Amino acid sequence: MKISIHNYNPIWIEEFNNIKNELLNVLDFLNPHIQHIGSTSIDNLSAKPIIDIAVGLKNTSELDLTIKPMIDSNFIYYEAYNVDMPLRRLFVGLKDKLDCKKFQNTFSKINKIPHEKIQKYILCHIHIWEYKSIEWNRHIAFRNYISINENIKKEYEKLKIKLSSKEWKDGNEYNMGKNAFIKKIEKKAVKWYKNQI
């Protein structure tokens, strides 16, 4: 499958705010912290037009409390990824909630996720972690660091555009193509971020 990279679009901020308001209603009993992360959160950075959202909870014991309300609100639960990331819960939101009927509400095996088929329907990825955990801080640090470093932003954009010209098995394989660059920048970003908080 090809990964489509789009020029920065200010509508991504609007979409984030709409989803954030929905999540605040769905998960209000957990008092979540909600942040826009990933490339769509960075001004003037080309990106895959899928909104990545971090939801921070008080502690990891609350993670599984999100599953039923999220599924009931027509988010698709990617349970399969709990094996590799047991301290995260990952959900997918579709552009049209009615399209959820075309898919299972939970995917428990990675090889059963219909990546190519579902890709065109996806509006957002919801990543739920403990607030201020290592994973939470890593994503916030990366976003903030790239936002203020124009040369790194341009380098990252160039890499994504180059990778988008290739065929990928799925989005995970595409993400692995970015992994070396991201890890290199993350080291600097996390160190810088620790001095900011």
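Biologist: Which residues in helix 4 and helix 6 meet?

Modeller: Contact means heavy atoms within 4.5 Å. From helix 4, Asn137, Arg138, Ile140, Ala141, Phe142, Asn144, Tyr145 and Ile146 take part, and they meet Ile182, Lys183, Ile185, Glu186, Lys188, Ala189, Val190, Trp192 and Tyr193 of helix 6. The contact of helix 4 with helix 6 comprises 11 nonpolar, 2 polar and 4 charged residues. Here Ala, Val, Leu, Ile, Met, Phe, Trp, Tyr, Cys and Pro count as nonpolar, Asp, Glu, Lys and Arg as charged, and the others, Gly among them, as polar. This is a predicted model, in which local features need pLDDT of at least 70 and side-chain atom pairs count only at pLDDT 80 or more, whereas totals for chains, interfaces and linings use all residues. Residues are numbered from 1 along each chain as its sequence is written, and side-chain values use heavy atoms, with hydrogens and water left out.

Biologist: At what angle do the axes of helix 4 and helix 6 cross?

Modeller: Two packed helices are described by the angle between their axes and the distance between the axes. For helix 4 and helix 6, the axes cross at roughly 95° and come within 8 Å. Helix 4 is therefore roughly perpendicular to helix 6. Angles of 65 to 115 degrees are called roughly perpendicular, those under 35 roughly parallel, those over 145 roughly antiparallel and the rest oblique. The axes are lines fitted to C-alpha atoms, for helices over the stretch in contact, and angles run from 0 to 180 degrees between N-to-C directions. Helices (H or I, at least four residues) and strands (E, at least two) are DSSP runs, numbered from the N terminus.

Biologist: At what angle do helix 5 and helix 6 pack?

Modeller: Helix 5 (residues 150-163) and helix 6 (residues 171-194) pack at about 165°, with axes 10 Å apart, so the two are roughly antiparallel. On the helix 5 side the contact uses Ile152, Glu155, Tyr156, Leu159, Lys160 and Leu163, and on the helix 6 side Tyr174, Gly177, Lys178, Phe181, Ile182, Lys184 and Ile185. By class, these residues are 8 nonpolar, 1 polar and 4 charged.

Biologist: Which residues touch the most other members of the largest nonpolar core?

Modeller: In soluble globular proteins, nonpolar side chains tend to be buried together. A nonpolar core is a set of buried Ala, Val, Leu, Ile, Met, Phe, Trp, Tyr and Cys residues joined through side-chain atoms within 4.5 Å. Buried means under 20% relative accessible area, exposed over 50%, and partly exposed in between (1.4 Å probe, protein chains only). The largest core has 25 residues, and Ile146, Tyr156, Phe181 and Ile185 touch the most other members. Helix 4 (134-147), helix 5 and helix 6 each give two or more residues to this core. Another core lies apart from it, with 24 residues, including Ile19, Leu30, Ile53 and Tyr77.

Biologist: Is Tyr78 buried or exposed?

Modeller: Tyr78 counts as buried, at 4% relative accessibility. Tyr78 lies in the loop between strand 3 and strand 4 (89-94). Not counting residues up to four places away in sequence, Tyr78 touches Leu90, Val92, Phe107, Ile113 and Ile118.

Biologist: What is the phi of Asn31?

Modeller: Most residues other than glycine have a negative phi. Asn31 has a positive phi of about 45°, although it is not a glycine. Asn31 is in the loop between helix 1 (11-26) and strand 1 (33-37) and is exposed, at 61% relative accessibility. Asn74 also has a positive phi, of about 70°. Asn74 lies in the loop between helix 2 (67-72) and strand 3 (76-77) and is partly exposed, at 34%.
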